[in-house]
Amino acid sequence: MTQEKTVHLERFEPLCGWRNRILRVDLSEGRIWAQQTAPYVPDYLGGRGLAAKILWDEYPEPVGSLAPENPFMVMPGTLTGTSSPYSGRTSVCAFAPQAYPYEWFTRASIGARWGHDLKRAGYDGVVVTGASEEPVHVLIRDDEVSILAADDLWGLDAIAVQEAIQDEHGRRVRVLTMGPAGENLSRISTVHTDTTSVAGQGGFGAVMGSKKLKAVSVLGTGQVPVADPGRLRHLFKAVGDEMRDVRGRRGHIDALNEELASEGARARLSPCTASCPTPCRLHISGMKSTLSEGKVSGDMLCVSGLFGGSDRHYVYDWEVGFRGGFELNMLANRLGLNHWELLVGIVPWLRICEREGLLQEFNGRPLDWNSVEFWAQFLEDIAYHRGMGDALAEGGVRAASILGLGEEFMRRYYTGWGYAGHWDGHACFSNHIVYPFWLVGALHWAMDTRDPASSAHGYVQNVMYWGPFTQVYHNEDAPITWDHMREIGERIYGRADTLDPTSGYEGKAIPAAYHAVRSVMKDCLPTDDQVFPLIYSYNSEDRFCRIGNIDGPDVDSHLFRAGTGVEWDTAEFERAAERVLNLERANVVRHWGRDREMDQRVLPSFAYDENWVNPKIGEHKALDIQRFMPVMDEYYRLRGWDVETGWPTRARLEAIGLDHVYEEMMEGARRAKKRLPELPGQKPVRDIHQHDPERTGDSADGSKET
């Protein structure tokens with residue numbers, strides 16, 4: 001029986017933006033306490049920056065992802081809880097069960113209002129260590145924090161547990177939880193709040209499950225003080241005005257409501273996070289269920305749309321329709337399963353195994369991807385580890401080895417580190433991206449500890465969405481021309497060829513280095529990963545974004561200054577983000593001896609023909625690894641890392657205020673190299689789609705070139 005406990009925590013001297021308090025909970029000892037944030041800020045910003053610093057200070061050695069010692073960190077950003085645009089985003093960090101071959105420390109991001117209310121309760125983050133013997137629920141009510149028994153919550157799905165806690169503690173309580181997949185320690189289990197706000201990558205639901213931590217709930221009634229609230233409100237409105245037309249889906253919503261009207265259902269756009277001025281998440285209420293006599297409500301966003309099927313490529317060509325896809329999306333959310341892993345990794349791999357004659361049934365049922373009922377049972381089998389689902393719950397990379405099933409096919413969909421492809425132009429068929437722009441994505445994959453979503457979105461995605469290859473316009477008559485793009489490349493990166501569709505390897509290290517830092521800024525401030533940095537615009541003659549008299553990429557530092565009162569310009573803010581990025585690198589060097597040889601393990605995933613053809617070039621391109629080596633050299637030099645080892649140099653660490661890091665990083669690397677086995681080199685990836693008819697002459701937008 002869980003020994004319940006409640007404590008009242010002291011408050012420390014308030015700051016602007018930060019609440020100057022981090023909640024610490026040790027479930028093994030039943031201990032609850034608070035520490036000050038002030039020693040960490042402004043140097044480490046917030047969000048993943050605080051996580052990196054705490055990890056460095058407290059974890060000289062790595063721990064297992066399912067070990068009690070693994071710190072489950074939930075870290076809102078510096079301005080979460082304020083009116084700063086898109087600031088509701090929150091980082092979830094831990095040693096990651098999904099990561100492969102090393103379970104290194106990494107992060108995911110979650111939206112809705114949980115982080116917003118945690119800041120209102122007076123905390124800049126929560127760190128949970130240890131493990132309970134029985135299910136527990138951590139409840140935060142401003143200064144009062146309780147560890148409560150959660151036997152009645154264990155076994156509930158991720159939405160049902162939120163409803164149960166709100167029934168008991170009030171509708172305003174925000175709940176962070178995991179579903180049955182997390183309870184069963186699936187490496188592809190997720191952390192949830194709201195109906196569809198998810199920390200998807202990393203397998204952090206299993207970290208909660210290993211601690212018997214069913215939920216962390218918060219009810220915050222305070223306010224987050226800011227230095228200049230008027231300025232912050234002005235920037236919120238101005239950013240919203242700039243982005244609203246770009247992100248709107250009004251026509252789609254009107255058409256959908258006409259279809260749903262006969263059954264009393266309704267669709268609308270809803271914000272996926274607090275302080276969002278441009279809602280883009282699809283919310284549906286009261287739609288008839290395809291699996292029962294009842295109705296289903298909830299939200300859908302991002303890759304979840306693929307549950308219904310897609311005509312983009314035959315690995316997605318099933319037809320369960322919008323209704324079936326929406327309901328499967330909600331079922332996967334309830335179970336706590338990673339949509340990206342399922343739809344971009346596992347299912348495409350299984351479908352190729354099926355096509356190659358290696359797989360005809362799943363747990364005794366014929367494969368029928370056009371059946372909602374088959375899908376529902378498939379998802380439940382994974383969440384509850386039934387039959388083949390037990391292996392799939394480990395994620396596609398591990399499952400292929402466990403099952404001895406199509407390992408060479410699996411690798412076609414997994415770019416690196418245990419994660420399915422994302423904006424790489426090769427493994428993922430849901431993100432259209434062409435050469436030479438995926439070269440920048442290859443660098444991001446090589447340097448990160450997970451799929452580099454926040455880095456890749458800033459450059460790789462936005463080149464395709466905003467430029468003449470845009471999927472919105474499907475032609476080169478887009479408002480932004482290649483002349484505009486080249487001029488913006490010169491302005492932002494110092495070279496026009498960084499945004500030139502006919503360029504090659506030269507110059508691509510520059511945007512890769514730039515957006516790696518911007519990734520940190522987005523996660524620490526925070527801002528919306530799909531919107532920031534603000535670079536492009538349809539509203540200016542030169543198509544460069546400006547918010548009033550502020551250049552778009554400088555808006556981040558203006559928000560930081562208005563919120564915290566710290567008088568940093570963009571260069572100083574970037575230096576702080578560079579500090580966080582280098583400390584993250586130092587952590588994986590100290591823990592795993594991560595070096596250039598490890599970085600290069602992802603490169604075979606790019607060394608075969610890309611999925612789509614750049615119409616300005618007219619032929620498929622593959623990564624030439626030898627030509628790519630100088631690009632990596634340049635990236636390491638721009639970062640201030642040793643070109644041979646990929647390790648931050650003493651001079652670089654000292655220049656950004658990390659004087660204390662170098663010696664311990666090097667000593668840790670020496671320990672790691674003695675401890676860890678040598679891994680064989682990554683083999684070339686078999687291009688199993690090279691002769692597909694869809695690949696013949698495809699342009700960037702999916703149309704056929706003549």
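Trainee: What should I know about the model before we start?
Mentor: The model is predicted, so local features need pLDDT of at least 70, side-chain atom pairs count only at pLDDT 80 or more, and totals for chains, interfaces and linings use all residues. Residues are numbered from 1 along each chain as its sequence is written, and side-chain values use heavy atoms, without hydrogens and water.

Trainee: What volume does the second largest pocket have?
Mentor: About 600 Å³. A pocket is an open set of points on a 1 Å grid over the protein atoms alone, where a 1.4 Å probe fits, with protein on both sides within 12 Å along at least five of seven lines. The volume is the space filled by probe spheres set on the points, which are joined across faces, edges and corners.

Trainee: Which residues are closest to its centre?
Mentor: Of the 25 lining residues, these are Tyr100, Met410, Arg411, Arg601 and Gln682; lining residues have an atom within 4 Å of a point.

Trainee: Changing topic, where is the kink in H9?
Mentor: A kink of about 30° lies at isoleucine 346, shortly before proline 348. The bend is the angle between axes fitted to the seven residues ending there and the seven starting there. Helices are DSSP runs (H or I, at least four residues), numbered from the N terminus.

Trainee: Is H9 mostly covered or open?
Mentor: Mostly covered: 15 of its 17 residues are buried, meaning under 20% relative accessible area (1.4 Å probe, protein chains only).

Trainee: And what follows H9?
Mentor: Glycine 357, whose phi is positive, near 80°.

Trainee: Which helix holds aspartate 381?
Mentor: Helix H10, residues 372-383. Aspartate 381 is buried, with a relative accessible area of 2%.

Note on methods. Helix = DSSP H or I, 4+ residues; strand = E, 2+ residues; numbered from the N terminus. Buried < 20%, exposed > 50% of the residue type's maximum accessible area, 1.4 Å probe, protein only.
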